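Please look through the model below with these notes to hand.

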Amino acid sequence: MTRKILFMLTSLSFLIGHHAQAQTPNFQGKTMTIIVGTGAGDLYDLYARAIALYMGKYLPGNPNMIVQNMPGAGHMIAANYVYTVSKPDGLTMGAINAGLYFEQLIGRAEVKFDWTKFNWIGNATKSPQVLYMRADSPFKTIEDVRSAKEPPKCGTTGLSNMGYFVPKLLEETVSAKFNVISGYQGGNEIDLGVERGEIQCRSLSTEAYFSREPFHTWRKNGFTRELVQGGRMRLEKLANVPTIYELMDKYRTPEVGRRLATALLASGEFHRPYMAPPKMRPEVVKTLRDAFTKTMKDAEFIAEAKRKKLDLDPTTGEEVQGLATDAMAQPKDVIERLKKMMGK
């Protein structure tokens, strides 16, 4: 009997150990891919490439990590690919525009994902919006835009990012009308459009505006001026620029407009998010999240980000998952305003 019990215990121990081993993700000899929704050289691309250099050492098996650019449709192509094509094996992550959840909220047919079912891995930084204008344009303040016979032209890549939302939001909340020109391939192309004079303005993250060219030179030479910022409080770098909330107070924006602004600008709280496909095993999700969090604290990674002038204000995967869920929980009246604003 004793020998039988011993055999059973030994077998049980083997099975438990084998099960635990099978459940532990191992990426040895494999290659992980970060799908980026923009072309090479854009900030989404620069962040992803910096993360790819260091995150692998915090994953079991120390896999190689590469970046694959998949631009188009304002990140929609990349998001749909990660959700519908990528396998839930932990070998694919996406770096896409946080504002894409608006497209699902208003029910666009192009959306092939469920925002809440992505496995959110983490977020590299937070950043409110800023709308800049060519300084030689006649639009010195938002009041000039409100009273203009011909609205200024702002550029954007598509209808699912803040480059589109912020000008439209200003029209909805403070009656400042903009002519939004979409279809640019990326941020660099939009800035070239401003430089050539085919458009006058662009809305983008403050993180982007203060981190790279041509904006360093433009600010130094007085080529641009900032008209409005999207945070609730003025940033120190934009101390003389009003927030949209101040403008809404000034122009007595109704409550539904204020709620619309809150819903739209919330994406600044998870500005550079990373997600993985749905239906992934919990232990794989945890492994990726832990590795991402450790990467954000890695001294060499922080030095690399500083060298590339990339802001870091990270959020954990668990926190981003909660933010994503909250973002989708919008009341019907706000959703209806979103639809109207986006021409749905």
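1. Strand β5, which covers residues 129–134, pairs with β8 in the antiparallel sense, over five bridges. The model is a predicted one.

2. Strand β8 spans residues 201–205, and five of its five residues are buried, so the strand is largely enclosed by the rest of the structure. Buried here means under 20% relative accessible area.

3. Some backbone points deserve a check. Most residues other than glycine have a negative phi, and most peptide bonds are trans. The points that follow concern departures from this pattern.

4. The peptide bond from E213 to P214 is cis, and its omega is near 5 degrees. As for its location, P214 is found in the loop that runs between α8 (206–209) and α9 (215–221).

5. S175 is not a glycine, yet its phi is positive, at about 60 degrees. The residue lies in the loop between α6 (162–174) and β7 (179–181). Is S175 buried, partly exposed or exposed? Its relative accessibility is 48%, so S175 counts as partly exposed; that class lies between the 20% and 50% cut-offs.

6. K309 also has a positive phi of about 60 degrees without being a glycine. Where does K309 lie? It is in the loop between α13 (299–307) and β11 (315–316). With a relative accessibility of 47%, K309 counts as partly exposed.

Key. Residues are numbered from 1 along each chain as its sequence is written. This is a predicted model: local features need pLDDT of at least 70, side-chain atom pairs count only at pLDDT 80 or more; totals for chains, interfaces and linings use all residues. Side-chain values use heavy atoms; hydrogens and water are left out. Buried means under 20% relative accessible area, exposed over 50%, partly exposed in between (1.4 Å probe, protein chains only). Helices (H or I, at least four residues) and strands (E, at least two) are DSSP runs, numbered from the N terminus. Two strands pair if DSSP finds at least two bridges between them.
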